[in-house]
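Reader: Could you take me through a structure? I would like to look at some of its helices and strands.

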Amino acid sequence: MAIRQLSETLINQIAAGEVIERPASAAKELIENALDAGATRIEIATAGGGKTLLRVSDNGSGMDAADLELAVRRHCTSKISETLEDIRTLGFRGEALPSIGSVARLSIASRRRDSAGGHEIAVAGGKIAHMRPAAANPGTIVEVRDLFFATPARLKFLKTEKAEAGAITEIVKRMAIAFPAVRFVLSGSDRTTLEFPATGDDHLARMAQVLGKEFRDNAIALDAVREEISLTGFAGVPTFNRGNSAHQYAFVNGRPVQDKLILSAIRGAYAETIPSGRHPVAVLSITLDPALVDVNVHPAKSDVRFRDPGLVRGLIVGAIREALARDGSRAATTGASDMLRSFRPGFQPNSQRPQTAWSAEMSPSRPYQPTTGFGERPQASFDGLSMPTARAEPQFSPQPAAPEPNARYPLGAARAQIHANYIVAQTEDGLVIVDQHAAHERLVFEAMRKALHSKRLASQVLLIPEIIDIPEEDCDRLMQHAPELSELGLAIERFGPGAIAVRETPAMLGEVDAHGLIRQLADEIAEWDTASGLSAKLEYVAATMACHGSVRSGRRLRPEEMNALLREMEVTPGSGQCNHGRPTYIELKLSDIERLFGRS
């Protein structure tokens, strides 16, 4: 079969299959063109999820008749000249408009600010209509109707109108975060109007518009530089997390991207601080020389390729971890909101309460009978505590520390222990509820992590070695890593083909459930053991040990022990969440308590 040249229309339709995958792709390309034109106000209107109508209006520089004529032709652009080494605009290929015009009904009306009138051009299924004068305000209006009418097969792969409208919303959110000085309005018959007023240079205010006002209260600022690459933005505290990664935004030289390297670095930075199945909230902006990054990787321009990916990953992980160590120990403010919501069902009118069988024990009118934990005698030991004179007695210090004069204690003074697991502390402006096991688990882990980088952890010799029976293959795995475990203070030996003898345990863990610890370590090593060995994952082992050696739920603590735990939490990085990412404490402000009682 002879080789022949494809027609211009077919070439554009092939390109459209790569560039314009769905209505959201077309919206992204048109918004990028508006931003490149210097627009400060962009309005997007949709119908039918963008399949029936997609209109993007801007107040940018506009185009004259000659520019309009070229704009709908392939590979015509004003954004680059002869090289791809210095791309500083969002668009640069000159493919978007001709690709859209080849599969939809496209019309463009535009007017320059210094022009007396505007012009309009239309393209339908790849056929360009004649230019004609048009009344238009300064700027450009691009209208796309009946997307993919010329390629009906593509319509079968689109999702529901609601899903396609949601995808466009997500595109607008990403663009809004990247350009806070631009006002965005998203409206249409298939949605409620969404407006993001311009916030100028206040990036955090724009992020609060998109991510919710809670993000402002739970965000940690990032500002780091490594060699020629700078990183700015905000990372949420670990306890402020979401069920998916949709709330992670990354920008490279102002370009919104969904790059796997960046998303992987975010996951790595939050390792051991986020529960399994949960995802952090973060907005990262990377700035570097355009020559050090290739944006011409994917037709959708959502992926980039860095010249030194290791440097970029190290910068992201290091900056986030440093920020978390500096300011990430606080609990998310959403914890108090969740607590308040859990109280509210108790205030339902009687007619709304679930109908259950009456019992004397559950009746709200039953006589009050204080339990041991709330009786006057057990609580008498707390009477001597007052704010802010709670003594600080570090958990791992042999000598109690004297209270500092005029010291401030953010976590307050212990007032009670509830159900032998939760510490209630009074602060200057509210109260704090601490999960004693989760909190102590984090303290032990941080102490073990710190000791890992200095010397072998101190161990205590067991008078009678613990013999644990486990499968032979698990014994083999554990003994391969016995030297690394010894560095953590855990000394083990082989005791026959299917047993391990534990002779020493880390001293800081106190009494340890050796059977449970060994079995869990064996399971974890079997799951992620690699050629790199256990040495690269000692912190994971330390986290497992910390869980088995922490203050257990159900243990009653003396007031001085509770206050010592609070004081050490205040000075320990990451103490706002345990090793599994769950919060260690929840703070309830006095104003929140007063709202519960209708006093505010």
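Predicted model: local features only at pLDDT ≥ 70, side-chain atom pairs only at ≥ 80, totals over all residues.

Reader: At what angle do α9 and α10 pack?

Author: Helix α9 (residues 260-269) and helix α10 (residues 309-327) pack at about 35°, and their axes lie 9 Å apart. Axes are lines fitted to C-alpha atoms, for helices over the stretch in contact, and angles run from 0 to 180 degrees between N-to-C directions. Helices (H or I, at least four residues) and strands (E, at least two) are DSSP runs, numbered from the N terminus.

Reader: And α6 with α7, at what angle do they pack?

Author: Helix α6 (residues 161-178) and helix α7 (residues 203-211) pack at about 165°, with axes 9 Å apart. That makes α6 roughly antiparallel to α7, a term for angles over 145 degrees.

Reader: Which residues meet there?

Author: Lys173, Ala176 and Ile177 of α6 meet His203, Arg206, Met207 and Val210 of α7. Contact means heavy atoms within 4.5 Å.

Reader: New topic. Is Ala501 buried or exposed?

Author: Ala501 counts as buried because its relative accessibility is 1%; buried means under 20% relative accessible area, exposed over 50%, and partly exposed in between (1.4 Å probe, protein chains only). Ala501 lies in strand β24 (residues 499-506).

Reader: What is Ala501 in contact with?

Author: Leaving aside neighbours within four places in sequence, Ala501 is in contact with Glu466, Ile467, Ala491, Ile492, Glu493 and Phe495. The C-alpha atoms of Ala501 and Pro465 are separated by 6.1 Å, although the two are 36 residues apart along the chain.

Reader: How many residues of α4 are buried?

Author: In helix α4 (residues 96-103), eight of its eight residues are buried.

Reader: Lastly, what is the strand order in the open sheet of four strands?

Author: The order is β19-β20-β21-β25, with antiparallel pairing. Two strands pair if DSSP finds at least two bridges between them. At the edges are β19 (413-418) and β25 (585-589), each pairing on one side only.

Reader: Which helix packs on the sheet?

Author: Helix α18 (residues 559-571) does, touching β19, β20, β21 and β25, and its direction makes about 120° with that of β19.

Key. Residues numbered from 1 in each chain as written. Heavy atoms only, no water. Parallel < 35°, antiparallel > 145°, perpendicular 65-115°, else oblique.
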